[in-house]
Amino acid sequence: MKSITLTQFLTEERRAGYGSTDLTQLLEVVARACKRIGVATGKGALGGVLGEAGSDNVQGEAQKKLDVLSNEILLDANAWGGHLAACASEEMADPQPIPDAYPKGGYLLLFDPLDGSSNIDVNIAVGTIFSVLRRPQGHRQDVSVNEFLQPGTQQVAAGYVVYGPSTLLVLTLGHGTHVFTLDREVGSFILTRRDAMIPEETSEFAVNMSNQRYWEAPMQRYVGDLLAGKEGPRERDFNMRWVASMVADVHRILTRGGIFSYPLDSKIAAKGGKLRLMYEANPMAFIVEQAGGAASTGHGRIMELQPEALHQRVPVFLGSKAEVEAAERYHLDV
Ligand code: AHG
């Protein structure tokens, strides 16, 4: 069978009425930047990219060298094309407008340049997550933070790249979720799974169990019932996995089902959660919903939240639809 490259896929999507020339260009630029990040990640110690950068990001977290490098690669790649008005990154306090030397376009790009960075130095899969919004109409001056504060339902595209045994790009433009595998010899992303679907039911969950004693009562009850297995109210055994790279955990769920959760706990309650709404929760929610799954804060659909701040954090439950709904019932039943 003839292989379909990302370029061909995006061109055909556009002809079918999904996206625009600018969006196609934007996504190709992001994919190219991610290939460069993948090369840097793959070099590991040989590329001098392991270890701490010696700086903190806006959230006060120590940055790894690869966090900083990946952020620069994405910013540089997206500066000149004329399709973007500004970028916002988990690693930067404020959005970065497109430099004056270049034309400005109608899209806004948000990204977590290197998700799972605690795994870089131990050679476990990491990734990039991105989300694309349209710039609200009527804004012609410098881009303000408020223009980014759109609910996830407004995303026009979202994706993630996993730098693992193979490099994968997972993408949605709002009708289906599609998987591309990087052909490293040729340098092209090739469509390897069209319309990925997450099984509705699952017996696998992903959560950082070391936080158990800090969880709220509904989460304690929910996971308690999963752990009780066949003898408990769920009447079946559940398996557990936790990679601590959201991209890798979500990709497992896209492949074979499961529920991923990073709930609220008393250590992070003041921050509102661990994962970032704009760079992690919304794009992953869009991808998962487009694959037939669900994504909730435990109290409602993630994508319907009206963001209040660029770096806002939220509790996250996403994956197999029936299991996310089950987790939600524990939280709504208090
Ligand atoms: P970051 O983008 O700072 O690397 O955050 C990683 C996220 C996510 O990828 C992962 O699921 C979670 O943090 C892991 O958190 P714990 O270390 O608390 O398990």
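Guide: R276 forms a salt bridge with E90, the closest N and O atoms being 3.3 Å apart. This is a predicted model, where local features need pLDDT of at least 70 and side-chain atom pairs count only at pLDDT 80 or more, while totals for chains, interfaces and linings use all residues. Residues are numbered from 1 along each chain as its sequence is written, and side-chain values use heavy atoms, with hydrogens and water left out.

Visitor: Why is the pair R276 and E90 called a salt bridge?

Guide: The term requires a side-chain nitrogen of Lys or Arg within 4 Å of a carboxyl oxygen of Asp or Glu. The closest N and O atoms of R276 and E90 are 3.3 Å apart, so the pair meets the rule. Between domain 1 and domain 2 the count is 1 salt bridge.

Visitor: What makes domain 1 and domain 2 separate entries?

Guide: The bounds come from an automatic or database domain assignment, which gives 6-193 for domain 1 and 204-332 for domain 2. Their centres, taken over C-alpha atoms, are separated by 23 Å.

Visitor: How do you know which residues of domain 1 are in contact with domain 2?

Guide: Contact means heavy atoms within 4.5 Å. By that rule 49 residues of domain 1 are in contact with 32 residues of domain 2.

Visitor: What is meant by the area buried between domain 1 and domain 2?

Guide: Buried area is the accessible area (1.4 Å probe) that two parts lose on being put together, summed over both. Here the value is about 3,000 Å², and carbon and sulfur atoms give 61% of that. In domain 1, I129, L149 and Y160 lose the most area to domain 2, together 19% of what that side buries.
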